[in-house]
Amino acid sequence: MAHTHAAHAQDHSHDHGNEHEHHLPFWRKYIFSVDHKVIGVQYTVTALVFLFIGFSLMMIMRYQLAYPGSPIPVIGQFLGEPIVGKTADGGYVMTGDGYNMFGAMHGTIMVFLGIVPLAVGGFGNFVLPLQIGAPDMAFPRLNMASYWVFLPGGLLMLASFFMTGGAAASGWTMYPPLAVTAANGETMWLLAMVLLITSSLLGSINFIVTTVQLRVPGLSFFRLPFFTWTQLVTAFLLLLAFPPLEAAAVMQLMDRVFDSSFFMPSGLVVSGVMQDQLAGGGSPLLWQHLFWFLAHPEVYVLILPALGIVGDIVANNTRKPLWGYRALVHAVLFVGFMSFIVWAHHMFMTGMGTTISTFFQATTMIISVPSVIILTCLLISLWGASIRFTVPMHFALAFIPMFGIGGLTGLPLGLTAADIHLHDTYYVIGHFHYVVAPGTIFAMFAGIYFWFPKVTGRKMNDLLGKIHFWPSFIAINGVFMPMLFMGMAGVLRRQFDQTEQLHGATVHGLTLMSSWSAWLLGVAQIPFIINFFWSIFAGKKVGENPWEATTLEWSAPSPPPHGNFAGTPVVVCGPYEYSVPGHERDYLMQAGKMEA
Amino acid sequence: MLAQVNFGTYGRWFPPQLSVHGGDIDYLIDIVHYFMLLLFVAWGSFFVYALFKFRQREGHKASYHLVKGKISKLAEALVIAFEFLVLVAFSMPVWATYKNDPPTSADRVEVRCVGQQFEWLFHYPGPDGKFGPRNASLITTSNPLGLDEAAPDSADDIQLINEFHIPTGRDIYVRITSKDVIHSFSIPTMRVKQDAIPGMEIPVWFKVKEGATSHAMKFEMTRDYGIDELNWYKLRHHVAVDDYRDKSGQVIFAKGNDLGSTYVDGQKRIDQLRAAGVASVKLEPRAPLEVVCAQLCGNSHFKMKAQMIVHTSSEYEEWVKEKSKPQADVEFEGF
């Protein structure tokens, strides 16, 4: 890995201390690294561990849901109070508090500690500079700071389980007055969120500046790979939407710790005790507005990188350009903009007047249009293709109908009158999980199988990949399809025992199906975990471009050295020049030549 | 039609629908779902077809030149038009009626409902039609609503915990608030849902269809269940109509009892009945109509529910007269 003068000349972001990179001590090369690739791997591994933890919480909850009041086998004894309580015959049954803690933390961990760090911190960090031909991010030290604020935030969030009162138990939505009056780990949650949000803000600034400033010659905006576009829009969403939540988190901290009343109304009586230590006069609805102002764009943060990954993989494995590239770009820009003016569709039942709720209903209907356009473009991209069913393509293809179901089930929820019946039911849970689980997470798997060779220089095993895919695909539908029916039957969310309510008891068979499917889904991840670690050491070695892809990252070595490219790539064409007539090979690299 | 617009029993697609406006909501949900199904089948068929037709194989090349056609633009325009139609012709009018026009009829029933962890408190004005004043500072365990008992209007007021009495055929106007945290006043069988937010009082209104009394529901849902049909989940809220004995004459399943309160208890009871050779049991629902809480409010959120008792209009008037008689001790069974 010769460190040439040319590569050094373009490394404007290099600090003199890094000039002779091979002299860096271990802790600066791999721990407190400023290299976007190391940071990307750090984010990816950390996020995957957090995803595993978040999923495990749900697998345990699913036992209480399936067999209400039954002692939890094997693990029950290790969970401790207040999560479980001991019964007369020595079994460990989950408590209502424990269930709510697991529920709140499952949501928080999956969204803020799992998906966003993986999709943005992991994939974005590793791939984006490579896809634009840059040697690193615009602000490498800021990048490092972003990871090292994220990790303590994540650890603090998890540590709350082991503190007095346990973890937060008021939903990932943390609505006051419950979240303020609860005697659980809500304070830790709020502190951890301040760290996590700060990390995201630092990262998003970096992504935007890098994409705008560090594109190599010839790489105009409309020649960017779709993945880069989605990362750019995502970064804007993070930058603009997170600050209100960070402010709100600080306000709620004040309410909890100092008895202020940003969100606490006057005259509260909790458990028969008048809460006159509070100033009063606050509004619980204020929190909801501030929270959802972030949390709606947040869901587009969850889906956009996934759409980008699927787009790149579909183009590569259809051996033709994406259909409707311009429409796709305009659609993601429009979705990004619209995502800021739909948030109150989460608040239709709060006593909203007809004028405002009609406004939000209309914007919610409008935002479904670009989603339909994106999905349709991906589908039509299959027409006239020559489809290679590689492992990444399995996951990318599965994403398409799954995102279809997720998106379509958003329609009845966005209509206020229909929402009267469906709000806070399992229909909502089915809807958003379809988008995030067989949607985004499948896209994440696709991305891992796809870019693993670039990161490690080795391919993951194909057979294990397919053994991972098929049971996962079947099981994940087994988990979430019943929920749509349960929601129609009126089964409500966040119910420790769904059979307590009559309409929940009668459809309990569906809960059983979800629970067993979830456990099956857990088992189905074992081939992936084995494959991931085994392939790092013993996977088939590959060169620069094992997938015969076109975008710039495939012009760098696998793995790329510090500084990424041997020279400066010069871009001569669009990102998906596959099967161009008159050429021998069925792909043209976007990097036409490499300048010294 | 996917919806059940008569009493029906629980467990199929929608729960029973007993209100006058609820049918419109169900209809809207149905047509949106037909639309969704249409889109999904169209997309899905195209998808499967394309995966097969354009799979990589010997002699087949991908096409760099992209397919052109007006069909996709036309389809998109139709999707947008349909969504617009649903929005303007169905959802907006139903929502407006539900939200904009509070009932003003002379015989409307006014109730105030206060949510607390983990009960629903109901306050009726009584025959004089006037609510006694309430004050948070008067709240005690025996006076959870903080009613000013001294005020003259309070004398005939009715206060209930977890019991919601209403008549059929008359407008029901409920003003909802909460004492402590956000709850959500939800009656699935009436397609009613409204957040109960402390510091705010939010009205909700509906009307029950004629004939849709609790008695009628109970009658609909009472039947014999063969021993192999017994399922703790489905029948958790049903109680025995008679006593059931084992071979030695010992009662193993007493009248008025349910199958059990956990999965383990339920299975045990069913096994006992099977071992005793019982061929079938007659079960009736304990409380076929419920008001539940739809917003997470703490560790017993799932248990926060009130029994809803729907009377005929004349039965309801009788009930009000009877209940509002001043009683020596109004006993609340604690929190």
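This is a predicted model: local features need pLDDT of at least 70, side-chain atom pairs count only at pLDDT 80 or more; totals for chains, interfaces and linings use all residues.

Trainee: How many bridges join strand S1 of chain B to S2(B), and in which direction do the two run?

Mentor: Five bridges join S1(B), residues 109–116, to S2(B), and the two strands run antiparallel. To follow one pairing by eye, take B:Gly115, whose bridge partner in S2(B) is B:Trp120. S2(B) is also joined by four bridges to strand S3(B), residues 158–161, again in an antiparallel arrangement, and there B:His123 has B:Gln159 as its bridge partner.

Trainee: Which residues of S2(B) lie on one side and which on the other, and are they buried or exposed?

Mentor: The general idea is that side chains in a regular strand alternate between the two faces of the sheet. In S2(B), B:Glu119, B:Leu121 and B:His123 lie on one side, B:Trp120, B:Phe122 and B:Tyr124 lie on the other, and all of these are buried. Since six of the six residues of S2(B), which spans 119–124, are buried, the strand is largely enclosed by the rest of the structure.

Trainee: Which strand of chain B is joined to S7(B), and by how many bridges?

Mentor: Strand S6(B), residues 183–187, is joined to S7(B) by five bridges, and the two run antiparallel; in this pairing B:His183 has B:Ala196 as its bridge partner. The hairpin of S6(B) and S7(B) has four residues between the strands, and in it B:Arg191 takes a positive phi near 55 degrees. As for cover, five of the five residues of S7(B) are buried, with B:Val192, B:Gln194 and B:Ala196 on one side and B:Lys193 and B:Asp195 on the other.

Trainee: How is chain B divided into domains?

Mentor: The division gives domain 1 (22–56 + 64–100), domain 2 (109–212 + 292–323) and domain 3 (238–285). The C-alpha centres of domain 1 and domain 2 of chain B lie 40 Å apart.

Trainee: How many residues does the contact take from chain B and from chain A?

Mentor: In general, the size of an interface is often given as the accessible area lost when the parts come together. Here we can count residues instead: the contact takes 86 residues from chain B and 90 residues from chain A. On the side of chain B that touches chain A, H2(B) provides the largest share, 15 residues, and the residues of that side divide into 49 nonpolar, 22 polar and 15 charged.

Trainee: Turning to chain A, what should the 35 residues of helix H10 span?

Mentor: At 1.5 Å a residue, H10(A), residues 284–318, should span 51 Å, and because its end C-alpha atoms are 51 Å apart, the model agrees with that expectation. Of its 35 residues, 31 are buried, and just after H10(A), A:Arg319 takes a positive phi of about 60 degrees.

Trainee: Which residues does A:Ile309 touch, not counting those up to four places away in sequence?

Mentor: For helices, the general point is that residues three or four places apart point the same way, because an α-helix has 3.6 residues a turn. A:Ile309, in helix H10 of chain A, touches A:Phe123, A:Phe227, A:Ala443, A:Ala446 and A:Gly447 when residues up to four places away in sequence are not counted. It counts as buried because it has 31 C-beta neighbours inside 10 Å.

Trainee: Where is A:Val74, and where is A:Glu548?

Mentor: A:Val74 is in the loop between helix H3 (36–66) and helix H4 (76–79) of chain A, and A:Glu548 is in the loop between S6 and S7 of chain A. A:Val74 has a positive phi of about 60 degrees although it is not a glycine, and A:Glu548 has a positive phi near 55 degrees. A:Val74 counts as exposed because it has 8 C-beta neighbours inside 10 Å, whereas A:Glu548, with 15 other C-beta atoms within 10 Å, is partly exposed.

Technical notes
Residues are numbered from 1 along each chain as its sequence is written. Chains are lettered from A and ligands numbered from 1 in the order in which they are written. The expected span of a helix is 1.5 Å times one less than its number of residues. A residue is buried if 20 or more other C-beta atoms lie within 10 Å of its own, exposed if 12 or fewer, and partly exposed in between; C-beta atoms are placed from the backbone. Two strands pair if DSSP finds at least two bridges between them. Domain bounds come from an automatic or database domain assignment. Two residues are in contact if their C-beta atoms, placed from the backbone, lie within 7 Å. Ala, Val, Leu, Ile, Met, Phe, Trp, Tyr, Cys and Pro count as nonpolar, Asp, Glu, Lys and Arg as charged, and the others, Gly among them, as polar.
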